[in-house]
Amino acid sequence: MVICLDRGNTRLKGALFLEGRILHKFVISAEEEATPEALSGVLKREWESGRVPAKGLSRGGYSSVAPSRNHLIEKAFLLAFNKEIFRIGSSAGTGWKTRYRNPEQLGSDRMALAAGGARKYPKKNLLLVDMGTATNIEAVNSQGEHLGGVILPGVLMGRDALTAKAEKLKHTEIALPAQVCGLSTEECIQSGLFLGNLGAVRELLTKMKQEAFPLEPALIIGTGGLAGIFQKEELFDAIEPDLVLEGIYYLQEINQ
């Protein structure tokens with residue numbers, strides 16, 4: 001059994017794996033992640049929720065885009081299971097290639113996304129869209145090589161920026177409005193956020209496809225907490241909600 005953790009910009013997600021298959025998933029709140037001791041207790045609880053004895057744990061791996069939290073995660077894992085957890089980073093490159101000029105600068109979440117996609121869709125050209133706090137798009141060729149990618153503000157980041165900088169604008173639910181030309185401030189914001197992000201991602205995918213795979217087909221795979229809101233827009237060939245966690249599992253496996 002393996003436990004994998006994904007520390008994003010806003011939350012910590014995890015999953016228990018058995019032979020590459022997810023048995024149990026969980027999300028840890030900020031309060032539960034406040035101290036190593038608190039997080040250790042949560043990890044034990046989630047492990048027990050998966051109905052797996054602690055002695056059945058073989059190892060763990062994690063990805064983090066919040067370096068200030070890395071020590072906390074590592075100490076909590078050690079307290080919970082008396083084992084060290086493997087951190088996905090530039091050293092996690094065995095059996096995996098990237099054309100990034102400086103692999104040290106490639107975020108571990110993006111590395112896990114690309115590796116997870118290549119593992120799940122072998123011998124396929126891929127454009128992987130991770131829609132979270134930020135939106136990351138990664139190009140991976142049919143040989144499993146990461147060709148580079150794009151980073152842009154996520155849907156919620158755009159909404160938060162609007163409300164933070166414009167006093168009269170309030171937080172609005174992200175949804176497709178009935179018409180593009182909004183007839184209220186809320187509808188105008190919805191139109192801009194939903195259709196603006198949809199248009200931006202579509203244009204980037206078109207340009208990336210032309211550049212990376214001009215004469216070959218490519219699958220477009222969505223993941224991340226916000227990919228589902230675009231499910232009806234024919235943006236993705238498939239949505240794989242656990243692709244980053246699956247990439248973390250794969251990278252820790254090949255680095256044992």
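Which residues does His146 touch, not counting residues up to four places away in sequence? The views below come from a predicted model, in which local features need pLDDT of at least 70 and side-chain atom pairs count only at pLDDT 80 or more, while totals for chains, interfaces and linings use all residues. Residues are numbered from 1 along each chain as its sequence is written, and side-chain values use heavy atoms, with hydrogens and water left out.

View 1. With residues up to four places away in sequence left aside, His146 touches Trp96, Lys97, Thr98, Arg99, Tyr100, Leu106, Ala114, Glu138, Ala139 and Val140, contact meaning heavy atoms within 4.5 Å. His146 is buried, with a relative accessible area of 0% (buried is under 20%, exposed over 50%, partly exposed in between, with a 1.4 Å probe and protein chains only).

**View 2. Helix α5, residues 185-212.** Helices are DSSP runs of H or I with at least four residues, strands are runs of E with at least two, and both are numbered from the N terminus. The 28 residues of α5 should span 40 Å at 1.5 Å a residue, which agrees with the 39 Å between its end C-alpha atoms; the expected span is 1.5 Å times one less than the number of residues. Among the buried residues of α5 are Ile189, Leu193, Phe194, Asn197 and Val201.

**View 3. Polar contact between His146 and Glu138.** The side chains of His146 and Glu138 are joined at 2.8 Å, where a polar contact is a pair of N or O atoms within 3.5 Å, one of which, within protein, must be able to donate a hydrogen and the other to accept it, and residues adjacent in sequence count only if both atoms are side-chain atoms.
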